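Dear colleague,

I am handing over a structure that I would like you to look through before we next talk. Please open it first, and then read the notes that follow.

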Number of protein chains: 2
Amino acid sequence: MASSLRDQLSSVSSLAEVDSRSTPGFDGGKKHAKKALASLGDELADLQRRLYANGVGDDQDPRSMLLVLQGMDTSGKGGVIRRAVGLVDPLGLRITSFKKPTTEELDHDFLWRIEKGLPQSGVIGVFDRSHYEDVLICRVRELAPPDEIERRYGAINDFEQAYVDGGGTIVKCMLHISADDQKKRLGARLEDPAKHWKYNPADLDERARWSEYQRAYEVALERCSTEAAPWFVVPSGRKWYRNWAVATLMLEHLRELDLTWPEPDFDIEAEKTRLAAG
Amino acid sequence: MASSLRDQLSSVSSLAEVDSRSTPGFDGGKKHAKKALASLGDELADLQRRLYANGVGDDQDPRSMLLVLQGMDTSGKGGVIRRAVGLVDPLGLRITSFKKPTTEELDHDFLWRIEKGLPQSGVIGVFDRSHYEDVLICRVRELAPPDEIERRYGAINDFEQAYVDGGGTIVKCMLHISADDQKKRLGARLEDPAKHWKYNPADLDERARWSEYQRAYEVALERCSTEAAPWFVVPSGRKWYRNWAVATLMLEHLRELDLTWPEPDFDIEAEKTRLAAG
């Protein structure tokens, strides 16, 4: 693996060209990937703790990270949170699931509820769906006028740029599956009583608009892949690759922050003396 | 292990009687405990997922769980979150760390910020420190008048009863260490650059009031151990026991909820037919 995974997964021009069951950047199969995921867990957890230690300290390090997870139903947003995000200390996580907006949320600009979900310094925020729903389902279902949808691409770019300018690192993952992958997974949900709760008959109505959604994703990927916040298309037909890939993307981005432990703002020897006396 | 851990750890009348390095309910040492913790993780994660599945569904199951973690500095609240709470899906967790109250928080009743941290249905809330600080540090440091402190014990009991009446299960753990345990751990923080950020010279000022804090804890344990929300004193001088014990307490409480998977509110066969056609 000479080049980084981030270089390999950005710059997708058409989703149709991406094989959902491909495994770019990973040589090996399921067993190998599960082992690789577990073994990168230690470094991921260590870097997250450094980020947290700096963020909660008095030195006002504003850095934080935001992982945005988008994808069609069954693409595995929940699985990524459990298997990849779950490798780090939950105390340093802030996970927000964006569902159908409430009446109060609809009374505000679409970014109002998103802004409230941004992580504080030191924390890794995770968006389970996100502001991109406002240019995905809203576009496909015409839940907003075309010029408002049009306005949103730029508003999203400005919003993400502002987050990055404030010390944030943003990792946007589009969990890419095929219509066939989805069919199998919805079928599995119907077969398993432990998965019935995840199934909603309305999911099939959205599924019927598959190509419209793919088109909406392509527009969003193109309009909102900026230098500050590029999109990564993660082939997600194989769950083990998907989990490994998202964890690896988080890791690569955290490594770039060169996270050191904060310097003590007290005299270590003096404190040792005080402690010994008490 | 005939009786449950919850029976063994409740009903403490004096903290001085509890050996912080004892391991009630557990036969074996560190290696054995780490294995036991990992092996109960599957059941814990499964029950948490059932709780979540019911809570997010349309059947309006109001059940949730709240884990309250209290203890002196270095008692291991963070370690419990990482090692025990971290066994479950982070999507179903809501962790709130209560620090020194802000000006806005001080302008409200002490329970105002606490109420906002309660988990929604289906979720396991975790309080890293809690409303008990308002009868612990506030009592020791006289941050509120005596009659206000006195009022708070009853207010806490009413608040916790209301949470339980609304479908909540509350598990309150006092992570009990000795002054010697703390001395060793503060010393370790001073030795390790990766732990300096956790050290604050002011911690030694609190440490100087050790016996006053123990007394304040004893009063809180006595006044606020109710049938709805008893306190558990978890000997925490051995980290591996502490982590195993808190996970076991969570597990025992979740088992009592008899959590089944939610029934589907749709016709499974009809959906299979629709899916096959699409």
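**What was found**

Chain A exposes about 12,600 Å², and carbon and sulfur atoms supply 48% of that area. Please keep in mind that this is a predicted model, and that, of the 278 residues of chain A, 54% count as buried.

As for the overall form, the C-alpha trace of chain A spans about 70 × 45 × 40 Å along its principal axes. A compact globule with 278 residues would have a radius of gyration near 19 Å, and chain A, with 20 Å, agrees with this. Chain A has twelve helices and five strands, and among its contacts between residues at least 6 apart in sequence, 81% join residues at least 24 apart. Chain A also carries 39 positive and 46 negative side chains, with the centres of the two sets lying 9 Å apart.

Which strand is joined to β5(A) by five bridges? It is strand β4 of chain A, residues 168–176, and the two strands run parallel. Within this part of the structure, C173(A) stands opposite F232(A) in β5(A).

Definitions and conventions. Residues are numbered from 1 along each chain as its sequence is written. Chains are lettered from A and ligands numbered from 1 in the order in which they are written. This is a predicted model: local features need pLDDT of at least 70, side-chain atom pairs count only at pLDDT 80 or more; totals for chains, interfaces and linings use all residues. Side-chain values use heavy atoms; hydrogens and water are left out. Helices (H or I, at least four residues) and strands (E, at least two) are DSSP runs, numbered from the N terminus. The radius of gyration is taken over C-alpha atoms; the globule rule is 2.2 Å times the number of residues to the power 0.38. Buried means under 20% relative accessible area, exposed over 50%, partly exposed in between (1.4 Å probe, protein chains only). Contact means heavy atoms within 4.5 Å. Accessible areas come from the Shrake-Rupley method with a 1.4 Å probe; for residues, only the protein chains shown count as cover. Lys and Arg count as positive and Asp and Glu as negative; His and the chain ends are not counted. The place of a charge is taken as NZ of Lys, CZ of Arg, CG of Asp or CD of Glu. Two strands pair if DSSP finds at least two bridges between them.
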